[in-house]
Amino acid sequence: MALTENVIKDLTEAMKSQDKFALSVLRMLKSALQMEKINLKHELTDEEATIVIKRQVKQRKDSIIEYENYNKLDEVSDLNKEIEILSKYLPEEVSEEDINKTLDIIFEEIKPESMKDMGKVMKEATSRLGAGADGSLVSKLVKERLTK
């Protein structure tokens, strides 16, 4: 079953069980998926849908940081629940160890010499690791290696 179909099925179940919180989160997600579908002008692949969901999770994580700065703990709790609901649609995160192994291979093949080569390395890492890897972690690890 496609990821977008799975979201719609869960949305229907949330309606039937009258889970208002999950329902609102899934409606926001469905809306974001539909917007992306309109922007791309075709049905979303699972990879594209995963990118949209990751974007939604990232927005909430950024909001958590802001709310924590202003000591709004109720909102932080709600955002954590939203992230939990959204995360069940994401693939298993690639571990830092696996990312490092893949980067070892990429660095061996590309032989980057400076930060100028970061784009090449990131492009290759993104294609090999796919949507399962945290892009900011990959970027951080690549920068660390290039600045050594």
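Of the 148 residues in the chain, 34% are buried, where buried means under 20% relative accessible area, exposed means over 50% and partly exposed lies in between, with a 1.4 Å probe and protein chains only. The model is predicted: local features need pLDDT of at least 70 and side-chain atom pairs count only at pLDDT 80 or more, while totals for chains, interfaces and linings use all residues. Residues are numbered from 1 along each chain as its sequence is written, and side-chain values use heavy atoms, with hydrogens and water left out.

**The chain as a whole**

The chain holds seven helices and zero strands, and its elements run α-α-α-α-α-α-α from the N terminus. Helices (H or I, at least four residues) and strands (E, at least two) are DSSP runs, numbered from the N terminus. A box of roughly 55 × 40 × 25 Å, taken along the principal axes, is filled by the C-alpha atoms.

Among contacts in the chain with a separation of 6 or more, 59% are between residues 24 or more positions apart; a contact means heavy atoms within 4.5 Å. The chain exposes about 9700 Å², and 51% of this is supplied by carbon and sulfur atoms. Accessible areas come from the Shrake-Rupley method with a 1.4 Å probe, and for residues only the protein chains shown count as cover.

There are 25 positive and 30 negative side chains, and the centres of the two sets are 3 Å apart. Lys and Arg count as positive and Asp and Glu as negative, with His and the chain ends not counted; the place of a charge is NZ of Lys, CZ of Arg, CG of Asp or CD of Glu.

**Helix α4**

Helix α4 covers residues 73-87, and its end C-alpha atoms are 21 Å apart, which agrees with the 21 Å that its 15 residues should span at 1.5 Å a residue. The expected span is 1.5 Å times one less than the number of residues. Which residues of α4 are buried? They are Val 76, Leu 79, Glu 82, Ile 83, Ile 85 and Leu 86. An α-helix has 3.6 residues a turn, so residues three or four places apart point the same way. The buried residues of α4 pack against α2 (20-40) and α3 (46-69).

Thr 50 lies in helix α3 and counts as buried because its relative accessibility is 7%. A polar atom of its side chain is 2.7 Å from the backbone oxygen of Asp 46. Such a polar contact is a pair of N or O atoms within 3.5 Å; within protein, one must be able to donate a hydrogen and the other to accept it, and residues adjacent in sequence count only if both atoms are side-chain atoms. Leaving aside neighbours within four places in sequence, Thr 50 is in contact with Leu 3, Leu 90, Pro 91 and Ala 131.

Glu 68 is also placed in helix α3.

Ser 139 is in helix α7 (residues 135-146). The C-alpha atom of Met 118 is separated by 34 Å from that of Ser 31, 87 residues apart along the chain, and Ser 31 is found in helix α2.

Glu 124 belongs to helix α6 (residues 118-129). Beyond residues up to four places away in sequence, Glu 124 touches Ile 106 and Ile 110. The C-alpha atoms of Glu 124 and Phe 107 are separated by 9.9 Å, with the residues 17 apart along the chain.

| Residue | Relative accessible area | Class |
|---|---|---|
| Ser 139 | 17% | Ser 139: buried |
| Glu 124 | 26% | Glu 124: partly exposed |
| Ser 31 | 37% | Ser 31: partly exposed |
| Glu 68 | 46% | Glu 68: partly exposed |

**Two loop residues with positive phi**

Most residues other than glycine have a negative phi. Gln 18, not a glycine, has a positive phi of about 60 degrees. Gln 18 sits in the loop between α1 (3-17) and α2, and its relative accessibility of 63% makes it exposed.

Asn 71 likewise has a positive phi of about 60 degrees without being a glycine. Asn 71 is in the loop between α3 and α4 and is exposed, with a relative accessible area of 58%.
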